[in-house]
Every structure is written in C-alpha cells, then in structure tokens.
Amino acid sequence: MSPTDLILRLTDGLPITAGSFIVTVYGDVVVPRGEVLWIGSLIEICSRIGISENLVRTAVSRLVSADRLQGTRVGRRSFYRLAPAARAEFAQAARMLYARPQPSGDWLVMLHPDMPEKVARSHRMARIGGDLWICPARGDLPETGGLVLRAAPVAGVDQLSRLAAFWDLQALADGYRIVLDRFGPLADGPALSPEDALIARLLLVHLYRGVLLRDPGLPAEALPAGWPGHAAQALFSDFYPALSPLAEAHIAQVMEGEDGPLPENTPRTQARLHALA
C-alpha cells in the first residue's frame, strides 16, 4: 500500500534505509510484544513509507548475517526474532528513549591506546587527546579494556563548557531541530487514522532515537542556552503517548507473531508509557 499524504510529508527528504527502519520497528513494536514478527507484517509496515518488499527481504537477510535477527519457519511463513547479541543494545536504547536517566554529574576518564569504535560510540565518548577519552558517568563502567577513572562533578560554567566542546553539539542541535520541525506541527493538526498514528509514531521514534543515541547526556549546565534537546524530549514525551492508543490498536489488527496477532498492549508497553508520564 502506498504512503498517505501525512506520511509523505513526514518522510519528505528524510533518508531512511530499510535496515535502520526495521530496527526501529523491532525496538518500538516487536520487542515489548514477545520479540517475534512475521515477515509479511514487516513488509506491510515498511511499504507504508515506500520501502519495497525486495528491500525489506534484503535488509532482513543482512541483519541475520550480522547476528541481529534470527529466523524460523512455520509452514510456509518466516518469522524473525532478535538475536541474543542484539537484546542488550535494544534494552539500552529503550531506557534512553522511554525513561532517560539523569546525569549524575560525575565523569569517566578512560586511557586506552586502541579504543574500540563500537565501545566509544555506544557510550558516546569524546576523545580528549591522544589515548584519553571522556564521557558522563552512567551506571556501570564501560568495558573498555583500559584504565577507567571516575572524576567528581566539575564546578563552574566555563569548565563545563570546555568539556562540552569535545562533542559536536551543533550537529546534535541540528538533529533535534529536525525532530521539532517535522513533528511539532502535528500537535495541533487533524485527527489521525490508526494506520497513520502507528507510522507517525514509528517515524518519531526513528528520528528521535537517531539523535538521542549520539547525545552524550551532558549536565544541563554544560549545554548552550536554548538547547533544542530539551524541547525535543518534551515533544517525544507528549506525542508518543498521544499517538499510542490508535497506534497500538492498529498493531493488534495488522501485525502477527508466531502465536497470531500481536497483543495491543503488554506490561512492557504500559511501563514505557508510565515512564514517559
């Protein structure tokens, strides 16, 4: 089925690959509903934003090869679930999206002569210089294989600004403004159909998550005045629950797992909505 006018407006000029959108579908819809989805449902959802069946099948094959998805067959139907290696990453992304932790104010300073790119990216680290890296402290220490030191909160706006300069805050601000520009007008727009509500929610998650997973989560005092990340977070916290009743009713109508239609909601989906309240 072709995208509706609303979805065409939301996706206009927005580069979305099949693989990245499939990751969004699993993270937002499938993971909290048992983790298994029929590929026919995935093809149908992706078609709503103009991603063809061939692109979906190719992307799923690549995700299986990359140990992100695992496939099973039931009769003539193919079902896919998250591979074990992907589950922890999905859980981390979900915590950031639906219940973003507040920074403690502490900092981690790491010495590593060959910091793995994946570790640096997943912890949103910045290179201070040479083999030294830094990031705000968040829960467990990152497993870098190098020396990790915890530093106390930094006092003074000037000092915090110097630390913040290690990250490309302008690129992050631009990303948050795109979220606001795309989805802000929908707040006062006409009522959406259940189908459009689901696709709009997926696109909101997709776009916001893409910025949030690059955001180091600096203390508010370290951020520039008028930081658009605050407004983007408020928009997400308001708009996601507003879209959810229609979106989740549509999920139960059109998306299937191994045991039949996916449930409209589960304790995990309710917990997400509670966390955003």
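Contact here means that heavy atoms lie within 4.5 Å. In this predicted model, F21 touches I16, I45, C46, I49, I51, L202, L203 and H206, when residues up to four places away in sequence are not counted. F21 also belongs to the largest nonpolar core, a group of 75 residues in which F21, Y26 and F183 touch the most other members. Helix α9, which runs over residues 194-212, gives the most to this core, with twelve residues. Apart from that core lies another, made up of nine residues, among them V119, W133, C135 and A137.

From the cores we can turn to the spaces between the atoms. Rolling a probe the size of a water molecule over the atoms shows where empty space is left. The largest pocket holds about 1,400 Å³ of space, and its lining consists of 44 residues, of which E89, Q92, A93, R209 and L213 lie nearest its centre. Several helices, including α2 (18-30), α8 (169-183) and α11 (267-276), each supply at least two residues of that lining, while α5 gives the most, with twelve residues. By class, the lining of the largest pocket divides into 23 nonpolar, seven polar and 14 charged residues.

There is also one cavity of 30 Å³ or more, and the largest cavity contains about 50 Å³ of space. Its lining is formed by I22, V23, Y26, L63, R68, L69, L82 and F90, with α2 giving the most, three residues. Seven of the residues lining the largest cavity are nonpolar, none is polar and one is charged.

Terms used: Residues are numbered from 1 along each chain as its sequence is written. This is a predicted model: local features need pLDDT of at least 70, side-chain atom pairs count only at pLDDT 80 or more; totals for chains, interfaces and linings use all residues. Side-chain values use heavy atoms; hydrogens and water are left out. A nonpolar core is a set of buried Ala, Val, Leu, Ile, Met, Phe, Trp, Tyr and Cys residues joined through side-chain atoms within 4.5 Å. Buried means under 20% relative accessible area, exposed over 50%, partly exposed in between (1.4 Å probe, protein chains only). Helices (H or I, at least four residues) and strands (E, at least two) are DSSP runs, numbered from the N terminus. On a 1 Å grid over the protein atoms alone, a cavity is a set of points where a 1.4 Å probe fits but cannot get out, and a pocket is an open set with protein on both sides within 12 Å along at least five of seven lines; lining residues have an atom within 4 Å of a point. Grid points are joined across faces, edges and corners, and a volume is the space filled by probe spheres set on the points. Ala, Val, Leu, Ile, Met, Phe, Trp, Tyr, Cys and Pro count as nonpolar, Asp, Glu, Lys and Arg as charged, and the others, Gly among them, as polar.
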